[in-house]
Amino acid sequence: MTGPARAEVVVRTARLALVALPGPDLVAVRDRVRAVLVDDGAWAPDYPTDGDVLMAGLSLRDGAVPTAEAPWGPLQVRLLREPEAVDVAVGGIGFKTAPDAAGVVEVGYGLAPSVHGAGFATEALAGMLDLARRLGLRAVTAETAVTNAASRRVLEKNGFGLVGTEDDGMLWWRRDL
């Protein structure tokens, strides 16, 4: 498994840093171990979510630790604090795999309930769309449950259009870049 030696900021927005974690920090997320992390990051009380645990485990299993040059896999979403304060991990976002031959990649995201409703998911997704443009990708896709109105709003605010539905209650979205 390769990856950054320390947490590496891949995307920075007005209020967030989306960071690639080194292997030991991914292990801590996967195992929900609130120990001192390699880069001294702090965690929100309800972080990691089940989705963060799952994605950290898959990333470790597959050796797909993202970097700034190859940002395929989970990135930790952190709230930026004052310059002398420690940033706080509140969720995850990431491209699920490398892009396909047509330059299309799927994104997934989830935040701790304690920060829902503050616009952080919308902001993080906008940052990922900017990254996709810089990487020369052509489109980003996402799926969400029919019952997840908040996630649908995040996608709509970022210009995604509904492109399909599945029998299992999932909706497919796409944003051309």
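Colleague: Leaving aside its neighbours within four places in sequence, which residues is T13 in contact with?

Modeller: Start with the idea: contact means heavy atoms within 4.5 Å. Neighbours within four places in sequence are left aside here, and T13 is then in contact with L80, E123 and G127. A word on the model itself: it is predicted, so local features need pLDDT of at least 70 and side-chain atom pairs count only at pLDDT 80 or more, while totals for chains, interfaces and linings use all residues. Residues are numbered from 1 along each chain as its sequence is written, and side-chain values use heavy atoms, with hydrogens and water left out.

Colleague: Where is the place of T13?

Modeller: First, the elements: helices (H or I, at least four residues) and strands (E, at least two) are DSSP runs, numbered from the N terminus. T13 sits in the loop between β1 (8-12) and β2 (16-20).

Colleague: Is T13 buried or exposed?

Modeller: Buried means under 20% relative accessible area, exposed means over 50%, and partly exposed lies in between (1.4 Å probe, protein chains only). T13 has a relative accessible area of 16%, so T13 is buried. Look also at A124: 111 residues separate T13 from A124 in sequence, yet their C-alpha atoms are 7.4 Å apart in space.

Colleague: At what angle do helix α1 and helix α2 pack?

Modeller: Axes are lines fitted to C-alpha atoms, for helices over the stretch in contact, and angles run from 0 to 180 degrees between N-to-C directions. Helix α1 covers residues 23-31 and helix α2 residues 50-62; the angle is about 135 degrees, with axes 8 Å apart. Under 35 degrees counts as roughly parallel, over 145 as roughly antiparallel, 65 to 115 as roughly perpendicular, and the rest as oblique. So α1 and α2 are oblique to each other.

Colleague: Is the crossing of α1 and α2 left-handed or right-handed?

Modeller: A crossing is left-handed if the near helix is turned anticlockwise from the far one by less than a right angle, and right-handed if clockwise. The crossing of α1 and α2 is left-handed.

Colleague: Which residues in α1 meet α2?

Modeller: From α1 come G23, L26, V27, V29 and R30; from α2 come D52, V53, A56, G57, S59 and L60. S59 in α2 is buried, at 4% relative accessible area. Beyond four places in sequence, the contacts of S59 include L26 and P74.

Colleague: Which residues of α1 are buried?

Modeller: G23, D25, L26, A28 and V29 are. The buried residues of α1 pack against β3 (42-43), α2 and β4 (73-79).

Colleague: Which are the buried residues of α4?

Modeller: Here is the general idea: an α-helix has 3.6 residues a turn, so residues three or four places apart point the same way. In helix α4 (residues 149-157), S151, V154 and L155 are buried. They cover an arc of only 95 degrees around the axis, so they are on the same side of α4; the arc is that of the directions from the helix axis to the C-beta atoms. Their cover includes β6 (104-111), α3 (120-134), β7 (139-145) and β9 (170-176).

Colleague: What is the phi of R32?

Modeller: Most residues other than glycine have a negative phi, and most peptide bonds are trans. R32 has a positive phi, near 55 degrees. R32 lies in the loop between α1 and β3 and is partly exposed, at 39% relative accessibility.

Colleague: Which peptide bond is cis?

Modeller: The bond from Y47 to P48 is cis, with omega near 0 degrees. P48 is in the loop between β3 and α2.
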